Amino acid sequence: MIEKRLGILTSGGDAPGMNAALRAATMVSLDRGWHVYGIEHGYRGLIQGEMQRLEAVDVESLLREGGTTLGTARCAEFTQLEGRDTARARLAEARIEALLVIGGNGSLAGARALADPAELGDQILRVVGVPASIDNDIGLTSMAIGVDTAMNTIVDACDKIADTATAHDRAFIVEVMGRDCGYLAMASSVAAGADVVLFRESGKSDAQIVHEVTDAIIEAHGRRHRRRVLIVKSEGTRLSTDDLKARVDAAIEARGKLIETRVTVLGHVVRGGRPSAFDRVMASRLGHVGVRALIDGETLRMVAWQPSGTLPASAIRSAVDPRCYLVDLEDVLRETRAMLDGSSPVIQWRAKVFDEIESVLRL
Ligand code: F6P
């Protein structure tokens, strides 16, 4: 009997829960009689032929591990046809006919290009994507692997900052990751009880942002019960955090007040740590559905977690997990672009909600 071979790679920024997805996908594939190959360092490793056979023993303890044991990379070479041709040749040499790509936007765009029938020719290669990015900026899935853990890390950091901020009656600007997407800042601002949340999608001018933050700080200091002020700022906000602090400090002084501000940039801390229980469960379920889809002959799909709103005609509910849908990668990439340029209803809805609750946060 000809052995069936499936490859798995993680690509782009690592996200807590990638290992849980790898573990589940490997276990399910082995259970179905497939041989599994772990490809190291994403598309870069694929081009260089870095892969090794995985057995249950290699993945069984991965559930609670952060990062990605396969390693990851951002690979410029893969954006070129030549790079993708080499990657396809590597897969053909290894007789891998199905590939699970666990990653974010760029990785899913890469998956789409890799299995593009126009580039594939006669080669048999099916590709399915699993959304993983702390940014939650991937179209047609309500959540991606890593978002929940990142949110918990931010909230934990904000709680700690709140202790020292309260002790000193200070205002803190906490900058969080998320690239161009404000989701992490928005969601964690609610969970951390922030006074103001700043994100690119609001479309506010720099002057408006400075005014809003200054007002919030001065108002809060006028109230006896509020001894700390917390501003959560998404890294994608156009006004840089250093400029914001400098301009707010100047505005506070100009209004005759003496209030100290401090900045904390959480940076890559937000991407690390053991995955939350939710991320472990969701990643395992997405990984399970992803390989089941590949084994069943699906290609050019992404497994989405509980998508909401209007779904494209391509979306089908997974027969093996009611929370998961299979959506065309093409539709995912289109919606992802719309999220970035602001034309997506999801982004408009998020911006509107935060516009409405802005004054409530400051109470
Ligand atoms: O996409 C995930 C992410 O962590 C973003 O939030 C951030 O802007 C970016 O990756 C950082 O990338 P790098 O680790 O390559 O500096």
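The entries below go from the ligand shell to the pocket and the cavity.

I worked from a predicted model, in which local features need pLDDT of at least 70, side-chain atom pairs count only at pLDDT 80 or more, and totals for chains, interfaces and linings use all residues. Residues are numbered from 1 along each chain as its sequence is written, and side-chain values use heavy atoms, with hydrogens and water left out.

Ligand shell. I listed the residues around the ligand as R74, I134, D135, M177, G178, R179, E235, H268 and R271, counting a residue if one of its heavy atoms lies within 4 Å of the ligand. By class I noted five charged, two polar and two nonpolar residues, with Gly counted as polar. Domain 1 (5-146 + 275-341) and domain 2 (150-271) each supply at least three residues of this shell; the bounds come from an automatic or database domain assignment.

Polar contacts (pairs of N or O atoms within 3.5 Å). I found a side-chain N or O atom of R271 at 2.9 Å from a ligand oxygen. For R74 the distance to a ligand oxygen is 3.1 Å, and for R179 it is 3.4 Å. The protein buries 74% of the 400 Å² that the ligand exposes when taken alone (Shrake-Rupley method, 1.4 Å probe).

The ligand takes up the space of the largest pocket, a pocket being an open set of points on a 1 Å grid with protein on both sides within 12 Å along at least five of seven lines. The largest cavity holds about 30 Å³, a volume filled by probe spheres set on the points. Its lining (an atom within 4 Å of a point) is V197, L198, F199, S202, K204, I209 and E212.

Conventions: Polar contact = N/O pair within 3.5 Å; in protein donor to acceptor, adjacent residues only side chain to side chain. 1 Å grid on protein atoms, 1.4 Å probe; cavity = no way out; pocket = protein on both sides within 12 Å on 5 of 7 lines; lining within 4 Å. Sits in = over half its atoms within 2 Å of the grid points.
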